[in-house]
Amino acid sequence: MTMTDHPLYHAQQDLVLYDTLSATKRPFTPIKAGKIGIYVCGMTVYDYCHMGHARVMVGFDVIVRWLRQLGYDVNYVRNITDIDDKIINRANENGETISALTERFIQAMWADEKALGCASPNQEPRATDHIDDMQAIINTLVNKNLAYQGGNGDVYYAVDKFAGYGKLSKRKLDEMQAGASERVAAADDKQNPFDFVLWKSAKPSEPHWQSPWGVGRPGWHIECSAMSTCCLGETFDIHGGGHDLQFPHHENEIAQSEGASGKSYANHWMHMGFINIDGEKMSKSLGNFFTIRDVLAKFHPETVRFFLLSSHYRSPVNFSDAALKESHTALSRIYQSLKSAETIGVIASDEQAWASQAGQDFAAAMNDDFNTAKAVSVLFGVAGEINRAIKAGEPNKAAAHAVVLKTLAAALNIAQLAPSEFLQAKIGADDGLSDELIEQKIAQRKQAKADKDFALADAIRDELKAAGIELEDSRAGTSWRRV
């Protein structure tokens with residue numbers, strides 16, 4: 001079967017995306033038929049990734065997976081910021097080289113990404129590999145009188161000379177206040193407080209490169225303009241990142257890129273919602289962040305991924321251990337249904353799964369601005385159909401639904417493990433009972449039932465239930481899962 005015969009092929013024309021710039025949801029049409037270029041602002045590698053980064057990783061991983069499921073050839077680019085004030089400061093604090101620091105945290109980022117079930121981007125450009133590209137853009141901006149060199153040697157972008165400044169974040173320049181962002185800094189040699197640095201003059205002991213404006217290093221914003229256009233061209237399909245990057249980072253990218261090229265920069269802008277802790281945005285600056293590896297030490301990676309996908313990508317998500325435990329219980333329902341059907345033969349194909357009503361409903365949800373929350377609800381509906389078919393003694397129908405469930409869940413890269421593997425996964429840091437102890441108690445309960453000591457058997461079941469362990473008896477024996 002060719003892609004044009006696949007049930008999802010014609011679903012391309014139904015894809016609708018919300019665009020932050022126009023603040024509207026509109027049909028998506030790529031610049032080149034069948035091909036999509038997407039650039040996502042990646043991590044500044046000076047520390048371990050936190051759950052805010054996890055949302056960007058998982059969110060765009062699913063977006064790219066779905067675009068490919070629809071048959072698009074996707075070039076997914078996510079940069080690595082490996083030169084920045086924070087990197088320099090952290091390396092100095094640690095007494096290590098910048099290269100040693102950044103390489104260590106790049107490896108940690110890749111490990112986190114892999115653990116969360118995310119595929120690697122097609123390209124991961126590093127800022128330090130694109131200094132010449134940055135200088136070329138800066139030189140163009142200076143020649144166009146859109147940038148100037150201040151008295152201290154820094155080169156600034158003159159925001160009041162770009163007519164569209166503020167169009168992404170819906171801010172008017174004359175209403176802005178200096179200091180509105182940690183990335184907006186006042187300086188004596190700026191013509192406007194919101195002029196931002198393109199090239200920083202060298203300071204003692206800092207890494208630096210030769211340039212027409214003296215030795216120095218690039219500003220943060222120019223890095224992404226250079227890397228995105230180098231990898232995808234002056235105009236590309238989708239630009240994404242966290243919600244907090246709308247201003248000033250993405251606003252400044254637009255000003256730089258469009259000021260230099262005279263062309264539209266990105267056709268669609270997508271932003272992931274915040275991860276909140278007690279109603280406040282999770283961030284390192286507020287000190288209320290949780291690293292991905294700390295969370296994965298307590299919860300199964302699929303639980304974390306499922307938690308992030310259970311909300312629409314633009315919506316804020318409230319993070320807590322309780323919320324993750326709820327996600328684990330919810331995902332366990334899907335796995336329990338698959339476990340109930342796993343001994344039944346497979347009688348349906350991938351194409352039949354997508355052609356089913358559930359497949360159509362799932363595709364409609366994903367094509368509506370990647371509504372993973374609604375797509376997940378479709379999975380629960382199919383899980384319910386499996387359970388009803390088994391209860392009604394209809395094994396063929398249960399098997400068909402199981403294939404549909406596995407196929408649709410694969411588009412989100414969840415529910416792909418052996419059911420018993422996930423159902424016995426640890427939930428939280430204080431589960432109390434080890435797997436070995438649980439098995440011992442199940443064996444004790446089995447012996448108690450053989451001895452007709454039903455009071456003891458019931459007491460063991462109650463003890464395990466109180467510890468969050470649910471037993472399921474069948475002819476094959478007793479299985480268990482954490483709830």
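**Before you start.** This is a predicted model, where local features need pLDDT of at least 70, side-chain atom pairs count only at pLDDT 80 or more, and totals for chains, interfaces and linings use all residues. Residues are numbered from 1 along each chain as its sequence is written, and side-chain values use heavy atoms, with hydrogens and water left out.

**Colour by pLDDT.** That's the predictor's confidence in each residue, from 0 to 100. The protein chain averages 89, and 91% of the residues score at least 70. Now pick residues 178-184: pLDDT stays under 50 there, and the model has 16 contacts (heavy atoms within 4.5 Å) for this stretch beyond four places in sequence.

**Select helix 2, residues 85-94.** Helices (H or I, at least four residues) and strands (E, at least two) are DSSP runs, numbered from the N terminus. Show D84 first: at the start of helix 2, one of its side-chain oxygens comes to within 2.9 Å of the backbone nitrogen of K86. Then show I87, I88 and A91, which are buried (under 20% relative accessible area; exposed is over 50%, partly exposed in between, with a 1.4 Å probe and protein chains only) in this helix. Look down the axis: the buried residues of helix 2 fall within an arc of 100 degrees (taken from the directions from the helix axis to the C-beta atoms), so they line one face. They pack against helix 3 (98-115) and strand 8. After helix 2 comes G95, with a positive phi near 70 degrees.

**Follow strand 8 into its sheet.** Two strands pair if DSSP finds at least two bridges between them. Here 4 strands make an open antiparallel sheet in the order 5-6-7-8. Strand 5 (147-149) and strand 8 (216-218) are the edges, each with a single partner strand, so one side of each has no neighbour in the sheet. Strand 7 (residues 196-201) is joined to strand 8 by 3 bridges; to see one, select S201 and its partner G216.

Helix 4 lies across strands 5, 6, 7 and 8, at about 120 degrees to strand 7 (axes are lines fitted to C-alpha atoms, for helices over the stretch in contact, and angles run from 0 to 180 degrees between N-to-C directions).

Strand 14 and strand 15 form a hairpin with 2 residues between them, pairing antiparallel over 6 bridges. I469 is bridged to R482.

**Last stop: A364.** This residue sits in helix 11 (residues 357-367) and is partly exposed, at 47% relative accessible area. Show L15 too: its C-alpha is 8.4 Å from that of A364, though the two are 349 residues apart along the chain.

Note on methods. A polar contact is a pair of N or O atoms within 3.5 Å; within protein, one must be able to donate a hydrogen and the other to accept it, and residues adjacent in sequence count only if both atoms are side-chain atoms.
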